[in-house]
Amino acid sequence: MLQDFIRDGYVEVDIDDSTLHNNINDKLSAHENPIPRNDGLIESVPELSAIIDHPNVVSALKTLLGDSYIQHPHKEVFLDNNWSNTNPHRDWSSYYSVGHNILGKKAVSYFNYWNLHHHCRCLQVFYYPVSIPDTKRGTIFIPESQYYNSIDGVAYYYREPFRMRGSGKVVIAHQDLFHMTIKPKNRVEIPRFVVKFVFLRSEEPKVNSQGTPKASWSGIYNDDVYNYHWDWYRGVSYKFPSYTESYTDTLENEITNTRELINLIYAMGGSSDVGTVIDHIMRIKKEKTLPREEVLSHMLALMDSTSDIVSKINEGIIWDKRAAFIDILANKGEYVSNWLEWLSSEKSPYCLGNLCYGTPLLFSGNVDALNLVVKRFKDRDVFGRGINRVLLKAIISILKLSKTCGVIPDIESEINELCMSGSDPYLNIFAKHVKKKWF
Ligand SMILES: [Fe+2]
């Protein structure tokens, strides 16, 4: 199953319980509009808990996200007469605010499938209570589109799309997978419900015995791509294939397009001359269309560069480069001795947000690390307008670390305050989720 998921970007799970599915469908049909989202959805239709707690679903989530996965608070019901979802699209990064990008700009994971942000730390779970077999309606998933190099919403069908429409089916999909609704021919047909849940990985894959991958992946990409993700799931550091040519001469003069630049940078990823490459990237003229820090991070993530990055941070580089470098280190998953020191003293909200994001990736099960994130979460006065960025990253980090440490931290009064605040809707949803879960 894991190998199919790595290639296709989704798996389908069956729940054989027609009484449960009919019951859920009846309740959704009878509910007045709009059907509430998030925890309100479960309060209205408590039977939905039986879906996400079903052994087949739990087993699949554990395989794909690890045993310590957690549920994201976002929960929502869609009807297929919702016309806005009828184009191929991705939800991640625009939708949940769990999608991580370095400086709050558009995530550039989409430009190249080697990106560490493509590693699967977030899953969407789609559930159909009933089937409508006589029509072509349904939710379409485009296999392997999690690797597409596009942010513009245009999806190309390199492989036959998968249509989900059967009763009791659950599709578990990669955060970056393109999907869409096939709308009914007219609006008078009985609406078909699809319920969506989101789950997060709370720690990086451990070194384990997943075995060797398929001899051939039979996908649309080079097998290196699938092996790269497979190795991450096995807790093995992937050795980036060296496609290196002599690119450094052209780098500063001829590249004006982000996609070209990122592909070039990845091509340089096999270089062993880390210092020279860092210096070249740092000298690229900074323009809106060339997100230098993100590009840099993507490349360095693939190189044997941890000590070079740590020394740059300790040299006191400015905040935007520091934020990018912190992000690289977290996603590389390599132990960094200075990390907790940075976490306790960082003064930039972008950098602290990235430190919060990265701490569960590096310090799973570490109570000292959890306590430090909690301390910074309580530091309300320090960050001015950047405070919500820090709080959102910190609250997700606390949820993950709490899960792996088995400790519920003392943050009830701060959570209560955020539940009352409307300054950031996502923060408010997370705070309510935490309150319901812990206090
Ligand atoms: Fe969607």
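This is a predicted model: local features need pLDDT of at least 70, side-chain atom pairs count only at pLDDT 80 or more; totals for chains, interfaces and linings use all residues.
**Around strand β3**

The strands behind that pairing are β3, residues 122–128, and β8, residues 193–200; they pair in the antiparallel sense over 6 bridges. Strand β3 also pairs with β6: 6 bridges join these two, and they run antiparallel. Here Gln 124 has Ala 173, in β6, as its bridge partner. In general, strands of a sheet pair through backbone hydrogen bonds, either parallel or antiparallel.

Is β3 mostly covered or uncovered? It is mostly covered, with 7 of its 7 residues buried. Cys 122, Gln 124, Phe 126 and Tyr 128 lie on one side, while Leu 123, Val 125 and Tyr 127 lie on the other, and both faces are covered.

**The sheet and its helix**

Now let's step back to the sheet. It is an open sheet of 5 strands in the order β1-β6-β3-β8-β2, with antiparallel pairing. Strands β1 and β2 are the edge strands, and each pairs on one side only. From one strand to the next, the twist averages 20°. Helix α5 packs on this sheet, touching β1, β3, β6 and β8. The direction of α5 makes about 160° with that of β1.

Here are the elements with their residue ranges:

| Element | Residues |
|---|---|
| β1 | 10–14 |
| α5 | 55–65 |
| β2 | 70–79 |
| β3 | 122–128 |
| β6 | 169–174 |
| β8 | 193–200 |

Nonpolar side chains tend to be buried together in soluble globular proteins. Which residues touch the most other members of the largest nonpolar core? They are Leu 123, Val 170, Ile 172 and Phe 199, in a core of 46 residues. Strand β8 gives the most to this core, with 7 residues. Leaving out residues up to four places away in sequence, Leu 123 touches Leu 61, Leu 64, Leu 65, Ile 172, Ala 173, His 174, Gln 175 and Phe 199.

Another core, of 45 residues, lies apart from the largest one, and its members include Phe 377, Leu 399, Leu 401 and Cys 405.

**The whole protein**

Finally, the overall picture. The protein has 18 helices and 8 strands. Of its 439 residues, 43% are buried. Among contacts between residues at least 6 apart in sequence, 79% join residues at least 24 apart.

Definitions and conventions: Residues are numbered from 1 along each chain as its sequence is written. Helices (H or I, at least four residues) and strands (E, at least two) are DSSP runs, numbered from the N terminus. A residue is buried if 20 or more other C-beta atoms lie within 10 Å of its own, exposed if 12 or fewer, and partly exposed in between; C-beta atoms are placed from the backbone. Two residues are in contact if their C-beta atoms, placed from the backbone, lie within 7 Å. Two strands pair if DSSP finds at least two bridges between them. Axes are lines fitted to C-alpha atoms, for helices over the stretch in contact, and angles run from 0 to 180 degrees between N-to-C directions. A nonpolar core is a set of buried Ala, Val, Leu, Ile, Met, Phe, Trp, Tyr and Cys residues joined through C-beta atoms within 7 Å.
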